[in-house]
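Subject: Structure handover

Hello,

Here is the structure I promised to pass on. Please open it and keep it beside you while you read my notes.

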Amino acid sequence: MDVEKWLCGLGLQQYVAAFRDNAIDAEILPELTEADLEKLGVVLGHRKRLLKAIGALAAPAAALQAAPGGSAASHGDEAERRQLTVMFCDLVGSTALSARLDPEDMRDVIGTYQACVAEVVGQHAGFVAKYMGDGVLVYFGYPQALENDAERAVRAGLALVDAVGRLHTSERLRVRVGIATGLVVVGDLIGSGAAQERGVVGDTPNLAARLQGLAEPNTVLISASTRRLTAGFFDYDDLGAIELKGFAEPVRAWRVVGESAVESRFEALRSGEAQLVGREAEIGLLLERWAQVKAGKGQVVLLSGEPGIGKSRLSNALQERIDNEPHVRLRYFCSPNYQASALHPHVAQLERAAGFKREDSPEAKLDKIEALLAPTATPNNDVALFAELLSVPTDDRYPALNFSPQRKREETLEALLRQLELLSRHQAILMVYEDVHWIDPTSRELLDAGVERVKRLPVLLLVTCRPEFTPSWVQEVTVISLNRLNRDEGAALVTGIAGNNPLPSDVLAEIVDRTDGVPLFVEELTKAVLETGVGEGDPRSLLARTQSSAIAVPSTLHASLMARLDHVGTAAKEIAQFGAVIGREFSHRVLSAAARWNASELNRALSGLLEAGLILRRGTSPDTIYAFKHALVQDTAYGTLLRAKRRELHARIATALEAEFADIAQTQPELLAHHCTEAGLVQQAVKYWLAAGQLALMRSATAEAITQVTRGLELVPSLSDPVQRNVQELGLQAVLGQALMAAKGFSDPDTGRAYARAHELCREIGEAPQLFPVMFGLFLFYYVTAELNAALEIATEMLEVAERQDDPTHQLIGHHLVAIVLQHQGQLSSASEHWSRAFGLYDPERHQELAFTYGIDFHASILTYLSWVWLALGFPDRAATSHREMLARVKQLPHVFAAATCLGMGCGYLLLRRDVEELRPQAEATFNVCTEQRFPFWLAAAIVSRGWIMTQEGLARGRQGRENRRRGRRSSR
């Protein structure tokens, strides 16, 4: 910068010689003090003017070199995404002016003009990014965001028009100003040496430049986005939609006429903790419901409202009100990162309640589970179920649970509900379920069941959600929909936050107007206003820089939160961003392992975030858990990261979880899958989505399994190796087929599509390990949908493959399936041949375990089908023998579903024989096992059999009645 030109622009050219004689250049200028200026002979008034102008010049540079709060940044500045208001200012008629003036005179004019721009921009806390001859590029919102960037830019534009017009130059100067607001990438260093600058990329700078070119001399034109953020504090002329070069669609623009009559300013003071304001009716209703609970009448309350409206604050207030009363408090937190993790809120709650630590051995964890459940005398089976839910082995301490996956899932849900009942026998319970709009399907099922159960227990179930969550039971419970605060309530909240430092009435009113009654917005904006004023002088000049308008609420919240993130300093902000990538909650261990920061530096950054009220802390070191105070704080921090930086951080987190947290990789593969997906690590992500789907399927969490493998399938096309692409897709499609079959049934079209695609992939890959299970699934789809020709084609192909491989096991399966189709097509003799071949291949030692892969005990199944065939071919004795042998085999089966299948089919054989007496006990046995284990398909067979028996008995009674009437008539003659 030319110091001589700068002094002339300030109207202080009389000091040029003194500055030159003392070798004061642009580098030394920011270091001058008032004492230095006095030694140079500068009078008091001019000293004040110079110090103010020096401060305006130094502020942007200092902001780039130091953290906003005054502490040195520990880590290098990086480009980031942020909302930015860009201003272009251009000197009108500079070309004609340069033709009329001597080059030295023109140099003085440009210098004076640029100095004026720098001073005005500095007064409005803007950042001069670049001088371009007679043009100036200015940023508002970088490097330090304030909550009113757009409004300050417009004020600066109006001030520039006035200030430039009052400059003492040989000719009167005029300017044009264009302003636009939008999302940009800012912060990349461009150029080198004196030409180095912070670049900005996005449509916003281009739009501001085009608007400046359209502006009339001494006018300010703004974009629609800037107008939305400043509406109500300025008067405008709407110029309508304008065609702009480089923009496909016409762009609306407004000319700023001047400030409106609603202008007001802020005074920043320290804030206190936010109080509960304007919720007296709601808290009163909750306390009434609590009183009913204490009287033994269970209550369910659904607390609904938009983000930031105060749902969690009201929930906490209720807990504070009843804190001194004897009760049990249970809290469950849903998370967007765990929407596909079955029962995650309950797993997390149990782990917290049991006091699990990372270094605990499985035995220690099991001890803690037992200690947690001991006061309620929890049944042993339930303890074992909880241990399995928490992925804790029980070894020989508890007997193995011989349940089908579906039965085990239902028993686990029932055990959780039973535990609630046991706890309620000792004390009343406050059960809080937060953010259920992010609930996983299995927890949703448990919650739905719990709502009905709670009504007969001394339990208050408080469920918080966003408006989009509409449960089926909403008409049966108390619903509280939180509305925004009115003006008086908003003002009371501001006053409570300010504490002993009351704000002027005009500042308070402005905060109330801008926050539109959303408590979170009120709290965050008030804190931002107060924190901005620390260390400042005249509060009115401060408010001139922090004032904003009744702007759109999401933009207001974004701006205030961005300001608070900037305010904590570079290091703390970087940790907030890292934590945001991990999730709403993040442990100190995972953060430390992934961030790889010096321990003292990391703790300092976390302390800064805690002191700023951006995060909360739970637990003690080294098991400390941090959580963002609000989800919107996390969203803001995450949103500033460039995609490349996000990918880098997700990758570091995934690497740390794999290397140092093997238990998480095993028990929560969906978490690693999420981070690998966001990191662009497609191969690892697909692997973990497959593992997550398989784990969910083992737990009968079919909805979660479908979600997880679908996420994996979405990534498969990105795999570069075509062979790997097919192999990975095959694994995912196979799991998807199983999950869809369980969730939607054998005949659902989605099930058929999944297995058909898997079958196609098997053919492309060759005879993959999944070939037989996949073909078996596809066979079942065709068989149940009565596409018998297609089923026979698949079964024949399976038999051909088995014979080609000379594999007796697969030959057994192939003959079995071919025989089933032939039998249903009426080709009984051919079917009997395949049944005989299959029976001859069956080896009890080798083939008994097949039931756990295919759900069929082939020995019992062959006997069952043979009983049908022999009966149809006219060999009833052979049929009866096969049936008896099947029943004897069923009694030995460890696989419950395979047993139910044979019993159900055996009912069909007895129906064909029309044997009421033998069918009755078998139908009852089938009904009982299918009811107990939740097997709807074969339960239907049992119900049909029972119905037929009742019909036959009714017919028999009818015949007996008619015979009795005939006998009676004969006797009366």
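Predicted model: local features only at pLDDT ≥ 70, side-chain atom pairs only at ≥ 80, totals over all residues.

Strand β11 covers residues 429–434 and runs parallel to β10. Six bridges join the two. They belong to an open sheet of five strands. The order is β10-β11-β12-β9-β13, and the pairing is parallel. Strands β10 (328–333) and β13 (478–481) stand at the edges. Each has a single partner strand, so one side of each has no neighbour in the sheet. On average, neighbouring strands here are turned by 15 degrees against each other, direction ignored. As background, strands of a sheet pair through backbone hydrogen bonds, either parallel or antiparallel.

Now look at the helices on this sheet. Helix α11 (residues 311–321) lies across β9 (299–304), β10, β11 and β12 (459–465). It runs at about 170 degrees to β11. Helix α15 (residues 405–424) also packs on the sheet and touches β10, β11 and β12. Its direction makes about 145 degrees with that of β11.

Next, a helix pair. How do α39 and α41 lie relative to each other? Helix α39 spans residues 858–873, and helix α41 spans residues 896–913. They pack at an angle of about 10 degrees. Angles under 35 degrees count as roughly parallel, and therefore α39 and α41 are roughly parallel to each other. Their axes are 10 Å apart. On the α39 side, the contact includes T864, Y865 and W868. On the α41 side, M905, G906 and Y909 are among the residues involved. By class, the contact has eight nonpolar, five polar and one charged residues.

Is Q922 buried or exposed? Q922 is buried, with a relative accessible area of 6%. Leaving aside neighbours within four places in sequence, Q922 is in contact with H883, M886, L887, L903, G906, C907 and L910.

Last, the nonpolar cores. In soluble globular proteins, nonpolar side chains tend to be buried together. The largest nonpolar core here has 75 residues. Those with the most contacts inside it are F779, M798, L817, W835 and F858. Beyond its neighbours within four places in sequence, F858 is in contact with L812, I813, H816, Y842 and L850. A second, separate core has 68 residues, including I575, F578, V590 and V686.

Best wishes

Methods: Residues numbered from 1 in each chain as written. Heavy atoms only, no water. Pairing = 2+ DSSP bridges. Helix = DSSP H or I, 4+ residues; strand = E, 2+ residues; numbered from the N terminus. Axes fitted to C-alpha atoms, helices over the stretch in contact; angles between N-to-C directions. Contact = heavy atoms within 4.5 Å. Buried < 20%, exposed > 50% of the residue type's maximum accessible area, 1.4 Å probe, protein only. Parallel < 35°, antiparallel > 145°, perpendicular 65-115°, else oblique. Nonpolar A, V, L, I, M, F, W, Y, C, P; charged D, E, K, R; others polar. Core = buried A, V, L, I, M, F, W, Y, C linked by side-chain atoms within 4.5 Å.
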